[in-house]
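Visitor: I am new to this structure. Please show me how to read its features.

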Amino acid sequence: LGVLIYKYANWFADLTSQERGIFFKSIFTRKTLISIKECVTECLLHLKIYRVNLRLGYMHMSLALGWFLLILVGWIETATILSDQIVPLYVHVFFRFFVPVAPDNVAHVIDYAPIMDALLLIILISVALAVIKRFKSTILGMRKATKHTLADRFALTSLWLIFPVRLLAESATCGIHRGGSFLTYSVGSFLSGILPIENLELPLWWLYSIVLCVFMVSLPFSRYLHIFAEIPHIFLKNYNIRPKNTPSAIDKFQIAACSRCGICIDPCQMQSSAGVNNMQSV
């Protein structure tokens, strides 16, 4: 978070005084509502990618929207079940570890366990598609995958691990306490039959914590900076603060907003017509 704030503060400061004036004047206009709508349709739903490739659209949407809903529903579940307590942030993040089964004295209308399991399953499917895209991109309708920097590899590997490890950690806890729902309960019951899950529960939760940490630390230095950079870029674009013929501060927002997904490479004339096969996104 500190790195992101530092980056954005410097990039915003590099905008011209005229551009900053346009930005502040545009905040309380219809353009802000349009930008908020676009943040939903593109940062979460990825509708533009859907129009290009349905499989890629589903992969991006299910990971982005699924993780967002997993966090949102998790916060609602924590607030509902622990409504009478002051809850530290880490309890929200590792809720199933601290509250394996809802207390008997808590009355809540919604059973959150199957919702959380369904969201986790959706994300796991999208992660599987991402792995397939990385090693066999033609299955998802792309000629090839993009190259990664070292920071990208750290971020990508940790991102791939977050949700399978979360499944194992939650399932171990559910297997011990007979909680969870169709996914975590089933996996937990299976694991309890073949492994000493009482000894594995804490290491699995630590592993989940570590891969989350690696992803968050590497995020602002990797392609996944686009998760947050795309939002200010959408606002700047809709406020008519756009790139110029010469390098300017808006370029930093625009380049960081690129997810390097590789969709732009397939129709690129350099590759399709000129036969230059080492093209990469910016």
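Predicted model: local features only at pLDDT ≥ 70, side-chain atom pairs only at ≥ 80, totals over all residues.

Visitor: How far is the sulfur of Cys43 from the closest cysteine sulfur?

Guide: First, the general idea. A disulfide is a covalent bond that joins the sulfur atoms of two cysteines. Here the sulfurs must lie within 2.5 Å. For Cys43, the closest cysteine sulfur belongs to Cys39, 4.6 Å away. That is too far for a bond.

Visitor: And which cysteine sulfur is nearest to that of Cys258?

Guide: That of Cys264, at 6.2 Å. Cys258 is in no disulfide.

Visitor: Is Cys258 buried or partly exposed?

Guide: Cys258 counts as partly exposed, at 22% relative accessibility.

Visitor: How many disulfides does the rule give?

Guide: The count comes to zero.

Visitor: Now the surface. Which residues form the nonpolar patch?

Guide: Six names to find: Leu150, Phe154, Leu202, Trp206, Ile210 and Val214. Together they have about 620 Å² of accessible area. Two elements each give two or more residues to this patch: helix H9 (150-177) and helix H11 (197-218).

Visitor: Which element gives the largest share?

Guide: H11, with four residues.

Visitor: Where is Ile210 found, and how exposed is this residue?

Guide: Ile210 sits in helix H11. Its relative accessible area is 45%, so Ile210 is partly exposed.

How values were computed. Residues numbered from 1 in each chain as written. Heavy atoms only, no water. Patch = residues over 30% accessible without salt bridge, like charges linked within 9 Å, V, L, I, M, F, W, Y side chains within 5 Å. Areas by Shrake-Rupley, 256 points an atom, 1.4 Å probe, with all protein chains shown as cover. Salt bridge = Lys/Arg side-chain N within 4 Å of Asp/Glu carboxyl O. Buried < 20%, exposed > 50% of the residue type's maximum accessible area, 1.4 Å probe, protein only.
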